[in-house]
Amino acid sequence: MNGQNKPESQNSQNSEQNSPQQQKKTYRRYHHYKKKYPSQQQKQPAVETQAISFKKVSIIVPLLNEEESLRPLYNEIKKSLKTVNSDHEIIFVDDGSTDKSLVVIKDLARIDNRVHFLSFRTNYGKSAALQVGFKHATGEAVITMDADLQDDPAEIPSLLKKLDEGFDLVSGWKKKRYDPFIKKYSSRFFNFVTRFFSKVKIHDFNCGLKAYRRHVVQSINVYGELHRYIPVLAGWKGFSVSEVVVKHNPRRYGKTKFGISRFFKGFIDLITVLFTTRYIQRPMHLFGFVGMITAFAGVVISLWLTYEKIFFGIGINNRPIFFLGILLIIVGVQFFAIGLLGELMVHNFQNDRDYVIKERK
Ligand SMILES: Nc1nc2c(ncn2[C@@H]2O[C@H](COP(=O)(O)OP(=O)(O)O)[C@@H](O)[C@H]2O)c(=O)[nH]1
Ligand SMILES: [Mg+2]
């Protein structure tokens, strides 16, 4: 019955609309409406686009079991990217998720050909996911962000703007954080120590939200859990690093993937970073220096004991400091030897891959 009524009503509508009288009415109604609500359309300006000199921006999202967040994240990224005048691609790197994350990503990739994804067979870690994402990025600017909506996609334009000022890396700074108490404060401590040792002057090293020029991500090597120290790796290669304050949100879905082990791993990684970036080319400067100081202290102690023995006849063999002297000499020589071995290895593996060339003719 409905089916029969429908065409009738449509017909009557059509005939009414087509009549000149009706057309006039509609016209008047429209103008009446416009007069009554004159600013309706002006109030919602067309989305203002920001002029950015990057032709294409790659958004890299490493993720592990974030099925609920992915769709809202995608929508928010898209919304945010409408405000910049660059083309874009979104690369999801699924790190062996065991929930429906991959299904969601595949769905998104089907409806949007700017969405790409890589899926690992098993969990290799966030650094590995970032590294592989970096390798596949084709944009001149690369943005990384967490998948859990704690990083706000609305900040993308401001990161790009800062990057466009001429910096090589712009890190987000979660000035007001929505994380558990212990994490907030331990993170502050980590950041302080890292800033002190690395001399890279930013506040938040491990913010998921970062923007890079592509040559930066192509010349750094992120593995293990070194993603926490990317600004250090970049800073020490001579890239300019800056930061902008970004909005941080509490986790909306799921739970954090980094437990208490992050604190221990974080410290060990800091040592690795200090070591591999600062001393890898000159191990003798570290080991040789420590070895020399240690051995020198041992020699001073031994000479002093010898002097006392010769001139004052004080026995050596039952004095505890005698053993300390010997120990210091042995340990010092060992440090020295490690430094020498390190130098030999550096000498053998020397290549020019680690030097980042800025310009050439
Ligand atoms: N690729 C990859 N991403 C991960 C892994 N663990 C966490 N993530 C992602 O890294 C981001 C931050 O992780 P999260 O657990 O929220 O850490 P938190 O915010 O520091 O507590 C999220 O997008 C996670 O999905 C992992 O093992 N591999
Ligand atoms: Mg998080």
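Angles under 35 degrees count as roughly parallel, over 145 as roughly antiparallel, 65 to 115 as roughly perpendicular and the rest as oblique. The model shown here is predicted, so to speak of local features we need pLDDT of at least 70, side-chain atom pairs count only at pLDDT 80 or more, and totals for chains, interfaces and linings use all residues. Residues are numbered from 1 along each chain as its sequence is written, while chains are lettered from A and ligands numbered from 1 in the order in which they are written.

**View 1. Helix 4 (residues 67–81) beside helix 5 (residues 101–111)**. The two axes (lines fitted to C-alpha atoms over the stretch in contact, with angles from 0 to 180 degrees between N-to-C directions) come within 8 Å and cross at roughly 20°. Helix 4 and helix 5 are therefore roughly parallel to each other. Look for E67, L70, R71 and Y74 of helix 4 meeting S101, V104, I105 and L108 of helix 5; in contact means C-beta atoms, placed from the backbone, within 7 Å.

**View 2. Strand 4 (residues 141–144) and strand 6 (residues 210–213)**. These antiparallel strands are joined by four bridges. Which residue of strand 6 is the bridge partner of V142? That partner is Y212.

**View 3. The residues around ligand 1**. Of the 18 residues here (C-beta atom, placed from the backbone, within 6 Å of the ligand), D95, A129, A147, T256 and K257 come nearest.

Conventions. Two strands pair if DSSP finds at least two bridges between them. Helices (H or I, at least four residues) and strands (E, at least two) are DSSP runs, numbered from the N terminus. Two residues are in contact if their C-beta atoms, placed from the backbone, lie within 7 Å.
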